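Welcome! Here is a short tour for anyone opening this structure for the first time.

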Amino acid sequence: MTVRVLIVDDQALFREALATLLEVQPEIDVVGEAANGEEAVRLCAELRPDIALMDLRMPVLDGIAATARLRAEQPGVRVLALTTFDDDEDVFAALRAGAVGYLLKDVSSTRLVEALVAAERGESVLQPSVAAKLVARVARLPAETPQRPATPLSERELEVVRLLADGRSNREIAKTLFLAEGTVKNLVTSVLSKLQVRDRTQAALRAKELGLF
């Protein structure tokens, strides 16, 4: 199975270079390109990609507004932000709008392909610097006493959630902990259930709130 990707960026040269880079990857099928968010929404309805690889700062309709529209109109399309900027407002606005991940354009091709595959599986994919911003923002929130999980996390699950907070994918966690990728997937599912959250980003934030790392 290949991941069907729509590239969304207002710079034609970057789109073409990225398409050329991804098309040689056996895991990726580039199904189209869009020059702005409005075009991306239209093409997603026509082409039904798995992932919209979305720049944020574009004319006509920016990437954040396009992400929100896709979440409402095309919930089967996952948005992975790929941008030059990692300032706090862009990061949090993109994630609030529904992006499943946030990468910077200096990411390696190997990491980008891994992120696209992981996003297609439903994983949240964050650049480590972005993950650090999320954790730092939680640390600045007013102190509360969140309810601890009824079933404590095991030592292995704690190791996994710490790596989630670093923005690691399942494959990277598996390599770090010397585990099978399927085992990591099961551990992540258990962590989400115990912490009563929907995704990996929320799991990292809840664990930070609880003082688990």
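Arg111 counts as buried, because its relative accessibility is 12%, under the 20% limit for that class. This is a predicted model, and in it Arg111 forms a salt bridge with Glu172, where the closest N and O atoms are 3.2 Å apart. Arg111 lies in helix α5 and Glu172 in helix α8 (residues 170-177), so this pair ties together parts that are 61 residues apart in sequence.

**Salt bridges**

- Some background first: side chains of opposite charge can pair when their charged atoms come close.
- How many salt bridges does the structure hold? There are 15.
- Glu33 forms one of them with Arg15, and the closest N and O atoms of this pair are 3.3 Å apart. Since Glu33 sits in strand β2 and Arg15 in helix α1 (residues 12-23), the pair ties together parts that are 18 residues apart in sequence.
- Glu73, with 44%, counts as partly exposed.
- Now back to Arg111 and its salt bridge with Glu172. Elsewhere, salt bridges that share partners join Arg121, Glu123, Arg171, Glu181 and Arg200 into one network.

**The sheet**

- As a reminder, strands of a sheet pair through backbone hydrogen bonds, either parallel or antiparallel.
- In which order do the six strands of the open sheet run? The order is β2-β1-β3-β4-β5-β6, and the pairing is parallel.
- At the edges are β2 (28-34) and β6 (125-126), each of which pairs on one side only.
- Strand β1 (residues 3-8) pairs with strand β3 (residues 51-54) over four bridges, in the parallel sense.
- For a landmark in that pairing, look at Val5: its bridge partner in β3 is Ile51.

**A closer look at Thr83**

- Thr83 can be found in strand β4, which covers residues 78-83.
- Is Thr83 buried or exposed? Thr83 counts as buried, because its relative accessibility is 0%.
- What does Thr83 touch, once its neighbours within four places in sequence are left aside? Thr83 is in contact with Asp55, Leu56, Tyr102, Leu103, Leu104 and Lys105.

**Cavities**

- Rolling a probe the size of a water molecule over the atoms shows where empty space is left.
- A search of the whole structure turns up two cavities of 30 Å³ or more.
- The second largest cavity holds about 40 Å³ of space.
- Which residues line the second largest cavity? They are Glu114, Val117, Ala118, Arg121, Ser169, Arg171 and Glu181.
- Helix α5 (residues 109-120) gives the most to this lining, with three residues.
- Sorted by class, the lining of the second largest cavity has four charged, two nonpolar and one polar residue.

Technical notes. Residues are numbered from 1 along each chain as its sequence is written. This is a predicted model: local features need pLDDT of at least 70, side-chain atom pairs count only at pLDDT 80 or more; totals for chains, interfaces and linings use all residues. Side-chain values use heavy atoms; hydrogens and water are left out. Helices (H or I, at least four residues) and strands (E, at least two) are DSSP runs, numbered from the N terminus. Buried means under 20% relative accessible area, exposed over 50%, partly exposed in between (1.4 Å probe, protein chains only). Contact means heavy atoms within 4.5 Å. Two strands pair if DSSP finds at least two bridges between them. On a 1 Å grid over the protein atoms alone, a cavity is a set of points where a 1.4 Å probe fits but cannot get out, and a pocket is an open set with protein on both sides within 12 Å along at least five of seven lines; lining residues have an atom within 4 Å of a point. Grid points are joined across faces, edges and corners, and a volume is the space filled by probe spheres set on the points. Ala, Val, Leu, Ile, Met, Phe, Trp, Tyr, Cys and Pro count as nonpolar, Asp, Glu, Lys and Arg as charged, and the others, Gly among them, as polar. A salt bridge is a side-chain nitrogen of Lys or Arg within 4 Å of a carboxyl oxygen of Asp or Glu.
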